[in-house]
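Please view the sequence and the model first, then follow the points below, which are grouped by topic.

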Amino acid sequence: RLVNSKRESDKILEKIRAANALVDPNTGQPLFQPAPGRAPLRERNSANLPISDYLFAARLDIEDIKKKVEDRVKREAMQMANSPRALSVSRRLVENRQLHQIQKLFGILDEDQDGFIWSQQLNFSLLEHDLASALAPAMRGADPVLSLEAFTRLLLDALNGKRADLAPLGYLLA
């Protein structure tokens, strides 16, 4: 009789516990019984390496990734450092000043004031020594007769480094 009584009381207690079980109303999951999270996005240690070897290899992979990122950041920094940061207004001011200096230089070299200079018969003694020595190589490959426009184009190409046979002349016309 005691055994039957014990079984009945256990059944009653089990029913009470089941009725009063703590359940999350949003998910329906019993409380205090965590559900496992998602599976990893990629399979780890697929070669079944010992954990120390796997972790060592993972560290090397991370170092490689960090090195690539550092290289990319350095490359981008160099590009930014070498790119012009002047505003368009400032750039136009510099270009206008260069054009004005080239016009003055053309006026000095055009001794007869006819609007043309003869590239083979230029009198470089009228110019400062630095300017004359930098301008002479630029004039060697030029057309025999140059107008102001042709002379300006020739010097702007030299100023902007578009002619590989010439050193940039930008410092001379600043």
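Predicted model: local features only at pLDDT ≥ 70, side-chain atom pairs only at ≥ 80, totals over all residues.

The structure holds one aromatic pair.

**The aromatic pair**

- A pair of aromatic rings is described by the distance of the centres and the angle of the planes.
- Phe-106 belongs to helix H3 (residues 88-109) and Phe-151 to helix H5 (residues 148-159), so the pair ties together parts that are 45 residues apart in sequence.
- Phe-106 has a relative accessible area of 6% and is therefore buried, the cut-off for this class being under 20%.
- Phe-151 is likewise classed as buried, as its relative accessibility is 0%.

**The loop between H1 and H2**

- Asn-45 is located in the loop between H1 and H2.
- The phi angle of Asn-45 is near 55 degrees, which is a positive value in a residue other than glycine.
- Asn-48 is also placed in the loop between H1 and H2.
- For Asn-48, too, phi is positive in a residue other than glycine, with a value near 55 degrees.
- Asn-48 has a relative accessible area of 65% and is therefore exposed, since this class begins over 50%.

- Leu-55 is part of helix H2, which covers residues 51-82.
- Ten residues separate Leu-55 from Asn-45 along the chain, and their C-alpha atoms are 9.1 Å apart.
- With a relative accessible area of 49%, Leu-55 counts as partly exposed, because exposed residues are those over 50%.

**The nonpolar patch**

- Ile-12, Leu-13 and Ile-16 make a nonpolar surface patch of about 270 Å².
- One of these residues, Ile-16, lies in helix H1, which spans residues 2-19.
- Ile-16 is partly exposed, because its relative accessibility is 43%.

Terms used
Residues numbered from 1 in each chain as written. Heavy atoms only, no water. Patch = residues over 30% accessible without salt bridge, like charges linked within 9 Å, V, L, I, M, F, W, Y side chains within 5 Å. Areas by Shrake-Rupley, 256 points an atom, 1.4 Å probe, with all protein chains shown as cover. Salt bridge = Lys/Arg side-chain N within 4 Å of Asp/Glu carboxyl O. Helix = DSSP H or I, 4+ residues; strand = E, 2+ residues; numbered from the N terminus. Buried < 20%, exposed > 50% of the residue type's maximum accessible area, 1.4 Å probe, protein only. Phe/Tyr/Trp six-rings, centres within 6.5 Å; stacked < 30°, edge-to-face > 60°.
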